[in-house]
Amino acid sequence: MGEAAHLDRQERIQLIRTLRSALDENGLHRTPIVAGVGATSTRETISLAKDAAAAGAEFVLVIAPSYYASALKANPIATKTFFIDVALKSPLPMYVWDGKGRSANKNAGQIRVIYNFALVAGGIDLTSDDIVGIARTAPNICGIMLSCGNVGKVSRVTSLLDESFKTIAGFIDFLLPSISVGSAGAISPLPNIVPVGFCYGVVA
C-alpha cells in the first residue's frame, strides 16, 4: 500500500477499505492486501495491525521501530522480541478461500510478514540467524521481505526454514538472483507501472 509512514491512522484505514472495495468490484476477491503497520512501539504496531485487519487486509508488513535504533542495534534480543510480541499479540484474521471469493472471517490465525530494510529502520539489519530465530519462535510469521539486497541472506534463510516461510525480495533489481536461491518472488512498485512488460522480461 505504498509508504505507510506518510499516512495517519485514519488514512491508512481508508486506503485499505478503498482498495478492498475496488478489488472486489472488479472481481478480484481473492487478491490479498498487504498493509504496512510499522510504528515506533509494539503497542502502536499491534493497534495498526488490528485496524488493517478490520479494514480488509490479509497480511501485515512489520518493520523494526527506528526511534531507538541505536539501542536496539546494541540489543538484538530486544529487536527479536518486538517482532515476536507483535506476531503473538496482534491477531490478524485469516480468510478462508472457498474457490468463489473471500469467505467470512474465521479468525483462523495470523498472517504476518517481517520487513527488513535497514535504510529506513535506523540501520537495524536483521541477520539470517535473527530471522530464523524469530520465525521458529513465532511460527505464525509467514515470511520476510528483504530490502537489503543480500542474496546470501535469502539463500541461508530459505535453506534453514521450511517452505511455509517465504523470503521475498524487496527490490526488483535482485529478483532473479534471489529466485535462483529460493525466494518466493518480490514486492516492488515497478511491476505496477509496467506489468505486461515486466512479465515478458521475466519470462524471457
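In helix H2, the buried residues (those under 20% relative accessible area, with exposed meaning over 50% and partly exposed in between, for a 1.4 Å probe and protein chains only) are Thr 45, Ile 46, Leu 48, Ala 49, Asp 51, Ala 52, Ala 53 and Ala 55. The model is a predicted one, in which local features need pLDDT of at least 70 and side-chain atom pairs count only at pLDDT 80 or more, while totals for chains, interfaces and linings use all residues. Residues are numbered from 1 along each chain as its sequence is written, and side-chain values use heavy atoms, with hydrogens and water left out.

H2 has 14 residues that should span 20 Å at 1.5 Å a residue, and its end C-alpha atoms are 20 Å apart, which agrees; the expected span here is 1.5 Å times one less than the number of residues. After H2 comes Gly 56, which has a positive phi near 125°. Of its 204 residues, 40% count as buried. The accessible surface of the chain, computed by the Shrake-Rupley method with a 1.4 Å probe, with only the protein chains shown counting as cover for residues, comes to about 10,800 Å², and 57% of that belongs to carbon and sulfur atoms. Where contact means heavy atoms within 4.5 Å, 59% of the contacts between residues at least 6 apart in sequence join residues at least 24 apart.

Arg 20 counts as buried at 5% relative accessibility, whereas Asp 24, at 23%, counts as partly exposed. Arg 20 also meets the side chain of Glu 58 in a salt bridge (3.4 Å, N to O). Because Glu 58 lies in the loop between helix H2 (42-55) and strand E2 (59-63), and Arg 20 in helix H1, this pair ties together parts that are 38 residues apart in sequence. Glu 58 is itself buried, at 2% relative accessibility.

A further salt bridge is formed by Arg 156 and Asp 129, whose closest N and O atoms are 2.7 Å apart. Arg 156 lies in helix H6 (residues 151-160) and Asp 129 in helix H5 (residues 128-137), so the pair ties together parts that are 27 residues apart in sequence. Arg 156 is partly exposed, at 36% relative accessibility. Salt bridges that share partners join Arg 20, Asp 24 and Glu 58 into one network.

Ser 128 counts as buried at 14% relative accessibility and, leaving aside its neighbours within four places in sequence, is in contact with Lys 153, Arg 156 and Val 157.

Strand E5 (residues 112-116) holds Ile 114, which counts as buried at 2% relative accessibility. Apart from residues up to four places away in sequence, Ile 114 touches Leu 61, Val 62, Phe 83, Leu 126, Ile 134, Ile 141, Gly 143, Ile 144 and Met 145. The C-alpha atoms of Ile 114 and Phe 83 are 7.6 Å apart, although the two residues are separated by 31 residues along the chain.

A nonpolar core is a set of buried Ala, Val, Leu, Ile, Met, Phe, Trp, Tyr and Cys residues joined through side-chain atoms within 4.5 Å; the largest has 47 residues, of which Phe 83 and Phe 165 touch the most other members. Not counting residues up to four places away in sequence, Phe 165 touches Ile 131, Ala 135, Ile 141, Cys 142, Gly 143, Ile 144 and Val 157.

How values were computed: Helix = DSSP H or I, 4+ residues; strand = E, 2+ residues; numbered from the N terminus. Salt bridge = Lys/Arg side-chain N within 4 Å of Asp/Glu carboxyl O.
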